[in-house]
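Here is a short tour to read alongside the sequence and the 3D view. Keep both open as you go.

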Amino acid sequence: MMPGEIQSSGMAEGLSAVARDGDQLVVPRGTDLSSDCFFCGKPASAKVKCRLRQKNGLDMMQGGETSGDMITAIIMLLGLLVYVFVFVFDWSAARQRTLTYGLCTRHQKKRTWMLTSAPICLLAGIGALVFLLVHSNESFSVALTVGIVGAILAIVSASLYLAAPAPQLSGFNEQFLWVKGADETILARYPQMPKAPAAEPKKKKK
Ligand SMILES: [Zn+2]
């Protein structure tokens, strides 16, 4: 079987092969890779079926974390808005982009820990901001401190959520998903895909 022979239609049965494209894995939609941990290649003890979502706006949010002035805060906020917008409008399309991947005990713990802490931080941050709104006219310094703590908690929450181990969608077409985040040992199991543009797969005639 030739992994490079990608056509846009008419050979769905032959398209079960997984390939690599540089540091990305190219998988048919709905692939199950759960026998080994996606992040280290060790035998998996758990599996997760996920919908791969488009994550526009993330670069803006992550770029802002290193510095802390007002402009980067605004850029991060804009990134968050783009992210939420795409998240909502991509919802039904994402249902068709599923991947089942495996997690070893260590990565499962890490993922659970991070995904549990994120909403707790967010709630604490919102709580702090509500406190700030209620008490803003009593003591400026207290309000300021609470506001800063709230904002930091919100950023920590977003960072935890984004940094939790998860395959990242980097491209897709009608049949395939381009996925980032796989461990090198996982990538090494699959043949390198010669040339297959994500946006429009070539129609080859013989
Ligand atoms: Zn692992």
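## Overall picture

What percentage of the 206 residues in the protein do buried residues make up? The share is 18%, where a residue is buried if 20 or more other C-beta atoms lie within 10 Å of its own, exposed if 12 or fewer, and partly exposed in between, with C-beta atoms placed from the backbone. This is a predicted model, in which local features need pLDDT of at least 70 and side-chain atom pairs count only at pLDDT 80 or more, while totals for chains, interfaces and linings use all residues. Residues are numbered from 1 along each chain as its sequence is written.

The protein has 6 helices and 7 strands; these are DSSP runs, with helices (H or I) of at least four residues and strands (E) of at least two, numbered from the N terminus. Reading from the N terminus, the order is β-β-β-β-α-α-α-β-α-α-β-β-α. Two residues are in contact if their C-beta atoms, placed from the backbone, lie within 7 Å. Of the contacts between residues at least 6 apart in sequence, 73% join residues at least 24 apart.

## The nonpolar core

A nonpolar core is a set of buried Ala, Val, Leu, Ile, Met, Phe, Trp, Tyr and Cys residues joined through C-beta atoms within 7 Å. The largest one here has 22 residues, and Val26, Val27, Phe38, Leu177 and Val179 have the most contacts inside it. Two or more residues each come from strands E2 (24-28), E3 (31-37), E5 (98-103), E6 (168-172) and E7 (176-180). E7 gives the largest share, 4 residues.

Take a look at Leu177: beyond its neighbours within four places in sequence, it is in contact with Val27, Arg29, Leu52, Arg97, Leu99, Leu169 and Phe172.

## A closer look at Ser45

Ser45 sits in the loop between E3 and strand E4 (46-51). Is Ser45 buried, exposed or partly exposed? Ser45 counts as partly exposed because it has 13 C-beta neighbours inside 10 Å.

Leaving out residues up to four places away in sequence, Ser45 touches Leu103, Cys104, Thr105 and Gln108. Its C-alpha atom is 8.4 Å from that of Ser35, 10 residues apart along the chain.

## Confidence

The predictor's confidence in each residue, pLDDT, runs from 0 to 100. Its mean for the protein is 82, and 82% of residues reach 70 or more. Among the elements, E5 has the highest mean (96) and helix H1 (residues 58-63) the lowest (67).

Over residues 1-15 pLDDT stays under 50, and the model has 17 contacts beyond four places in sequence for them. Residues 201-206 are also below 50, with 8 contacts beyond near neighbours in sequence.
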